[in-house]
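Let's take a friendly walk through a protein model. Keep the structure open beside you and look up each residue as it comes along.

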Amino acid sequence: MTKHICTLAVAMAAATLPAMADGYPIEPVPFTGVKIHDTFWTPRLDACRATTIPLAFSKCEESGRYDNFVKAANPDADYKVEGFPFDDTDVYKTIEGASYLLQTYPDERLEAYIDSVLVIVAAAQEPDGYLNTSFTMNPARPHPWMHPGKRWENVENLSHEFYNLGHMVDGAVAHFQATGKRNFLDIAIRYADCVCREIGDGDGQLALVPGHQIAEMALARLYTVTGESKYLDQARYFLDKRGHTSRRDAYSQAHKPVTEQDEAVGHAVRAAYMYAGMADVAALTGDSAYIRAIDRIWDNIVSKKLYVTGGIGARHQGESFGDNYELPNDEAYCETCAAIGNVYVNHRLFLLHGDAKYYDVLERTLYNGLISGMSMDGGAFFYPNPLASEGGYGRKPWFGCACCPSNLCRFIPSIPGYVYAVDGRDVYVNLYIGNNAELTVAGREVALTQEGDYTWSGEATVKVDANRAGEFTLCLRIPGRVQGRVAPGDLYAYADSHTPSYTVSVNGVPVTADLDKGYCRITRKWKRGDRVDLHFDMQPRRIVADPRVTADLGRVAFERGPLVYCAERPDNDFDLQSAVLHPSAAFEARATDKLGGITELTGRAQLLGRDDSGRLSLKDVDVTLIPYYAWAHRGEGQMSVWLPVSPSATRPVKGVGATYRNEFEPDR
């Protein structure tokens, strides 16, 4: 399909649906308007297109995901239902990711393949719209996590029927937006209608909430596409009813009504999806109680529960958040899906509040704890993403529970939708990724191009290719790290005396301006050919954690630009835990060709050992650090983000970075 035909199809389809605004004060520029061409991100999109999505589709074939839909279309009492009751979502998520890719890489064969899969999916839908293969293929003996003969009976615990709906809707909306076709959207609408009819407080309805959240934000999204208020009402019902049904535990964030919550608890993925849904419903309804609750929870995360990689979820048990300051390294869970959820939450909070601090967290997560979940060739995956390993831990080509690989399938191709946003005549540039973009500003067309090598050199250029909007304001995000802040809150601080810097110029003329919520705002009547050049300090920085994070006491981490670094055994022929960094040793950046072309950091340390007489001794050694996302590509060896250091190096420098108290008092 050519670009022109695809655009026409979308326009024709859009005319048949009364699309609504998403309610946010700031509107994201959709993925359909941004084409990525970036030295760092294009290889990841290419890997997703060439490897990850074809692999996911092939796994759907090999593992019987498609067969489940065929069986559901022809139910039989002899079928033994196996796998997981959420296996259907792997199909939906892969279609979603493939749909995003069609905008960057038009592909008639891929589009035809998706259509053929949707024929199978549609055939499995029951007459009233219900679609859940783990139940329908054998209602008398469904999946063991479901109740024989009864829909929804175990939806607050294990059946995942509403979870399946959420991923179906997300995939269907993306497919509709990318292709203009309604074949998937109509399937999702029929299932959503079924849920709206059967779930609620009315006569003959069942009062239930999702065991695993995601339907909340998906239904809000379906409302914005169709204009049907019942979907927004159902999303709000799922949120308002939480904590008022039989499910009332912290694991599923049902321990109290959502508007009364103030701490991130329980299963980290479920939590992040719920917080994102709360933001969506708040934006669409104006319910400020939701916003106040999410703000409190976000403060709790960034000040007490956020890993330096942007990962969330400390515990393997329950795949959950831990207590405040509980951030173990080798036992860190940091599920890849939770990192994706963290991006969703911070993106929505930016759209609500217009503050760059949310993108500081989003970018940290994106460049570190999220893309670490997928190998650089797109063919192997992490489920948890620990910050230390003694070896024996590596990415796998797939999982029986494939939520993380299929989630990466859908997320990585969606990155174009996170670059820009618009509020009236304000154009926000939030990520510095090479691209061509078409934006609508005050109802008029604006075309921008980004160039540069932001990830490795700190350089970015924004060019104006067309402007029919007259005067508007470019709001350029200035990352918190070049303002001396590791992240929002005081969980982390820089432990060196370096004073970071950045520069902004318009057509070669330097710009100095006070920042507004982390943005450098430049207002003018932009002309074709105008350019803004930015440079961000790329000095390697040492980071220390709040002493209440006991796992990081006596240790430092390193970052350069948006990337967090780690030491890995292939670069360091010694026990990483026996090496103590010199307090004042400088680490230098050096571009290399290894691991796809990275900048590594090199410095000095002392290795604790014993001499020939058995006495303890120190030996000087060179230490090499690589970006965290790139570890475990050369075997399953030792790795550590936080490295031992002499005590004098762990004290943050006064006046640099976050403001630390001289003494930390324990929580009371």
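## Salt bridges between helices

A salt bridge is a side-chain nitrogen of Lys or Arg within 4 Å of a carboxyl oxygen of Asp or Glu. Keep in mind as you look that this is a predicted model. The structure contains 42 salt bridges. Asp-90 and Arg-65 make one of them, with 2.6 Å from N to O between their side chains. Because Asp-90 belongs to helix H4 (residues 88-104) and Arg-65 to helix H3 (residues 65-73), this pair ties together parts that are 25 residues apart in sequence. Are these two residues buried or exposed? Asp-90 counts as buried, since its relative accessibility is 3%. Arg-65, at 6% relative accessibility, counts as buried too.

## A network of charges

Now turn to Glu-568 and Arg-634, whose side chains form a salt bridge of 2.9 Å, N to O. Glu-568 is part of strand E17, while Arg-634 is in the loop between E21 and strand E22 (638-640), so the pair ties together parts that are 66 residues apart in sequence. The two partners have their own accessibility values. Glu-568 has 0% relative accessibility and therefore counts as buried. Arg-634 has 31%, so this residue counts as partly exposed.

Which residues are linked with Glu-568 and Arg-634 in a network of salt bridges? The network also takes in Asp-571, Arg-590, Lys-594 and Glu-600.

## A seven-stranded sheet

Next, find the open sheet of seven strands. Their order is E2-E6-E7-E8-E14-E11-E12, and the pairing is antiparallel. Strand E2 (34-36) and strand E12 (509-510) are at the edges; each has a single partner strand, so one side of each is left without a neighbour in the sheet. As a general point, strands of a sheet pair through backbone hydrogen bonds, either parallel or antiparallel.

Within this sheet, look at strand E11 (residues 502-506) and strand E14 (residues 531-536): they run antiparallel and are joined by five bridges. Thr-503 is placed opposite His-535 of E14.

## A hairpin and its neighbour

Glu-27 has Val-422 of E4 as its bridge partner.

E4 also pairs with strand E5 (residues 426-429), in the antiparallel sense and over four bridges. E4 and E5 make a hairpin with two residues between the strands, where Gly-424 takes a positive phi near 60 degrees.

Trp-152 is not a glycine, yet its phi is positive, at about 65 degrees. You can find Trp-152 in the loop between helix H6 (133-136) and helix H7 (161-179). With a relative accessibility of 2%, Trp-152 counts as buried.

Ala-442 is another residue other than glycine with a positive phi, near 50 degrees. Where is Ala-442 placed? Look in the loop between strand E6 (435-441) and strand E7 (444-451). Ala-442 counts as partly exposed because its relative accessibility is 43%.

## Loops and a negative patch

Asp-330, Glu-331, Glu-390 and Asp-575 form a negative surface patch. Among them, Asp-575 is in the loop between strand E17 (563-568) and strand E18 (579-581). At 34% relative accessibility, this residue counts as partly exposed.

For a last stop, go to Arg-615 in the loop between strand E20 (599-610) and strand E21 (616-627). Its relative accessibility is 58%, so Arg-615 counts as exposed. From C-alpha to C-alpha, Arg-615 is 15 Å from Ser-578 in space, and the two are 37 residues apart in sequence.

Notes
Residues numbered from 1 in each chain as written. Predicted model: local features only at pLDDT ≥ 70, side-chain atom pairs only at ≥ 80, totals over all residues. Heavy atoms only, no water. Patch = residues over 30% accessible without salt bridge, like charges linked within 9 Å, V, L, I, M, F, W, Y side chains within 5 Å. Areas by Shrake-Rupley, 256 points an atom, 1.4 Å probe, with all protein chains shown as cover. Lys, Arg positive; Asp, Glu negative; His and termini not counted. Charge placed at Lys NZ, Arg CZ, Asp CG, Glu CD. Buried < 20%, exposed > 50% of the residue type's maximum accessible area, 1.4 Å probe, protein only. Pairing = 2+ DSSP bridges.
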